[in-house]
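Open the model in your viewer and keep the sequence panel in view. The tour below goes from one selection to the next and says what is there.

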Amino acid sequence: MTQLKIPFMKQAVLSLSGGMDSSTLLLRLLKEGYNVTAISFDYGQKHRVELERAKSLVDYLNNNPHRVFTVEDKVIEKYDKVTYQVIKLDGLTPLLNSALVSGGNDVPEGHYENENMKATVVPNRNKIFSSIVQAVALSKATQNNSPCDIALGIHAGDHAIYPDWRQEFRDADMHAFKVGNWESEYVDFYTPYLDTDKFGILEDGAGCCEVLGLSFDEVYKRTNTSYKPYPSGNSDYKSASSVERIEAFISLGRKDPVQYEDETGPVSWEVAKAHVEQVLQQA
């Protein structure tokens, strides 16, 4: 069996959706000195603008030479480009039953606590994604003779309506990976947000931007959380994913830099904020 050695530069494979959580995790990985391979998935999602945002964020980061992280209280400057790949699974689209994919029912509005949010489940989505990410991470570990982390932006606020985010699923999935692959012991999870919520993630992102010398607004305008984006690419502010994102920005006391829209056209941040505050009062 290959004897792997841990190099100075750590490596990670990140499942980058283009949303707020995984985008923030990308910043954290760079701050902590990881060499990152980011993977997005095209499975025919209605909100595939997230793929454009993910690519835009990677381009922004790769064109910005400021990479700063700390090792044993010493500040180190290093510039490594993020490797980015989109995996096309859109052949699955007509075979999947979910409101999130093209051809499915309308995406429901409201709060995640509502029963109708189960319509946003995509059957076995995270198992499909995790199998691919695991394969890439193991390939990097063996190719580079170095352990590799699988980075996931999962957090304490992830919801019970998504069973493939539950701990028992992740444990069983990782066990199957370990059993089914040689040298799989050199792949592990990196999930720093397990004990925090979306506000905590956004707060960490603000700190990462400061350390890395990045613009908070430039980073987060290159993310999408809306499950019901408009043809313009602008976000809605009524679907549960948007409500949760806006709530985090309200808690942080910062304006969300993405453009929101409704059936009347683009709306101001204050309109989106007021709607979410009303939803939260009713929840």
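Predicted model: local features only at pLDDT ≥ 70, side-chain atom pairs only at ≥ 80, totals over all residues.

**Stop 1**

Residues are numbered from 1 along each chain as its sequence is written, and side-chain values use heavy atoms, with hydrogens and water left out.

Glu261 sits in strand 8 (residues 260-262); helices (H or I, at least four residues) and strands (E, at least two) are DSSP runs, numbered from the N terminus. Buried means under 20% relative accessible area, exposed over 50%, and partly exposed in between (1.4 Å probe, protein chains only).

**Stop 1: salt bridges**

A salt bridge is a side-chain nitrogen of Lys or Arg within 4 Å of a carboxyl oxygen of Asp or Glu. By this rule the count comes to 13.

Select Arg48 and Asp42, whose closest N and O atoms are 2.5 Å apart in a salt bridge. Arg48 is partly exposed at 37% relative accessibility, whereas Asp42 is buried at 3%.

Next, go to helix 2 and pick Lys55 and Asp59, which are 4 residues apart and so separated by about one helical turn. Their salt bridge has its closest N and O atoms 2.8 Å apart. Both ends are partly exposed, Lys55 with a relative accessible area of 40% and Asp59 with 32%.

Then take Lys238 and Glu263, a salt bridge with its closest N and O atoms 4.0 Å apart. Lys238 lies in the loop between helix 6 (216-220) and helix 7, and Glu263 in the loop between strand 8 and strand 9 (265-267), so the pair ties together parts that are 25 residues apart in sequence. Lys238 is partly exposed at 23%; Glu263 is exposed at 64%.

**Stop 2: the largest cavity**

Which residues lie nearest the centre of the largest cavity? Select Ser17, Arg125, Asn126, Trp165 and Tyr227, out of a lining of 41 residues. Helix 3 gives the largest share of that lining, 6 residues. By class, the lining has 15 nonpolar, 17 polar and 9 charged residues.

**Stop 3: two positive phi values**

Most residues other than glycine have a negative phi. Select Asn145, in the loop between helix 3 and strand 6 (148-151), where phi is near 55°. Asn145 is partly exposed, with a relative accessible area of 30%. Last, select Glu183, in the loop between helix 4 and strand 7 (187-190). Its phi is near 60°, a positive value in a residue other than glycine, and Glu183 is buried at 14% relative accessibility.

Terms used. 1 Å grid on protein atoms, 1.4 Å probe; cavity = no way out; pocket = protein on both sides within 12 Å on 5 of 7 lines; lining within 4 Å. Nonpolar A, V, L, I, M, F, W, Y, C, P; charged D, E, K, R; others polar.
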